[in-house]
Amino acid sequence: TKEEMYRYLSVDIDSEEMDNQGKKSIVAASVERCLKHFFQPEDRELKCEKCSEGNIATQTMRILSLPRALVIHLKRFKLVERPVSQDSKSNEGEDLPPVMEITFQKSPAPVELSQTVSLKDYL
């Protein structure tokens with residue numbers, strides 16, 4: 001258990017939703033939905049420095065006490081990796097690894113803002 005003090009939260013805009021056929025669609029995001037996504041438990045892989053064995057740990061975040069003011073930074077951009085076409089063989093006939101291009105992509109979804117945000121679910 002580790003306690004850290006934050007003056008702001010930097011949250012992803014969660015604007016993709018899966019329908020019944022497994023297709024992704026863009027929906028309007030809300031601050032509440034972004035916070036719900038931010039506070040979801042997350043599995044992390046941990047490796048021992050001495051023996052190199054790995055374990056899975058679940059990281060959870062919660063608010064220990066309500067702040068007087070909280071700044072919420074909505075991250076509108078995300079990193080996207082996509083392959084770049086190239087010859088798959090070198091001059092010597094060896095297979096080349098795929099080349100990936102990393103770009104920033106802006107979230108196309110609008111974010112619905114409300115006057116107040118409840119943090120009671122994260123205490």
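Me: How many aromatic pairs does a search of the whole structure find?
Reply: The search finds 2 aromatic pairs. Keep in mind that this is a predicted model.

Me: Which kind of aromatic pair do F38 and F39 form?
Reply: Look at the angle between the ring planes. Planes over 60 degrees apart count as edge-to-face. F38 and F39 have 85° between their planes, so they form an edge-to-face pair. Their centres are 5.1 Å apart.

Me: And how are the rings of F39 and Y122 arranged?
Reply: Use the angle again. Planes under 30 degrees apart count as stacked. The planes of F39 and Y122 meet at 15°, so this pair is stacked. The ring centres lie 4.4 Å apart.

Me: Which parts of the chain does the pair of F39 and Y122 link?
Reply: Distant ones. F39 sits in the loop between α1 (31-38) and β5 (42-47). Y122 belongs to the segment after β10 (111-112). Together, F38, F39 and Y122 make up one aromatic cluster.

Me: Is F39 buried or exposed?
Reply: Compare the relative accessible area with the cut-off. Buried means under 20%. F39 has 10%, so F39 is buried. Y122 has 12% and is buried too. F38 has 22%, so F38 counts as partly exposed.

Me: Which residues of α1 are buried?
Reply: V31, C34 and L35 are buried in α1. Now look down the helix axis. The buried residues fall within an arc of 100°, so they line one face of α1.

Me: What do the buried residues of α1 pack against?
Reply: Strands: β1 (8-12), β4 (29-30), β7 (71-75) and β10.

Me: Where is P67 found, and how far is P67 from R7 in space?
Reply: P67 is in the loop between β6 (54-59) and β7. P67 and R7 are 60 residues apart in sequence. In space, their C-alpha atoms are 8.2 Å apart. P67 has a relative accessible area of 36%, so P67 is partly exposed.

Me: What volume does the largest pocket have?
Reply: Start with the general idea. Rolling a probe the size of a water molecule over the atoms shows where empty space is left. In this model, the largest pocket has a volume of about 830 Å³.

Me: Which residues lie nearest the centre of the largest pocket?
Reply: E3, E4, Y6, R62 and L64 do. They belong to a lining of 20 residues. By class, that lining has 11 nonpolar, 4 polar and 5 charged residues.

How values were computed
Residues numbered from 1 in each chain as written. Predicted model: local features only at pLDDT ≥ 70, side-chain atom pairs only at ≥ 80, totals over all residues. Heavy atoms only, no water. 1 Å grid on protein atoms, 1.4 Å probe; cavity = no way out; pocket = protein on both sides within 12 Å on 5 of 7 lines; lining within 4 Å. Points joined across faces, edges and corners; volume = space filled by probe spheres on them. Nonpolar A, V, L, I, M, F, W, Y, C, P; charged D, E, K, R; others polar. Phe/Tyr/Trp six-rings, centres within 6.5 Å; stacked < 30°, edge-to-face > 60°. Buried < 20%, exposed > 50% of the residue type's maximum accessible area, 1.4 Å probe, protein only. Helix = DSSP H or I, 4+ residues; strand = E, 2+ residues; numbered from the N terminus. Arc of directions from axis to C-beta. Contact = heavy atoms within 4.5 Å.
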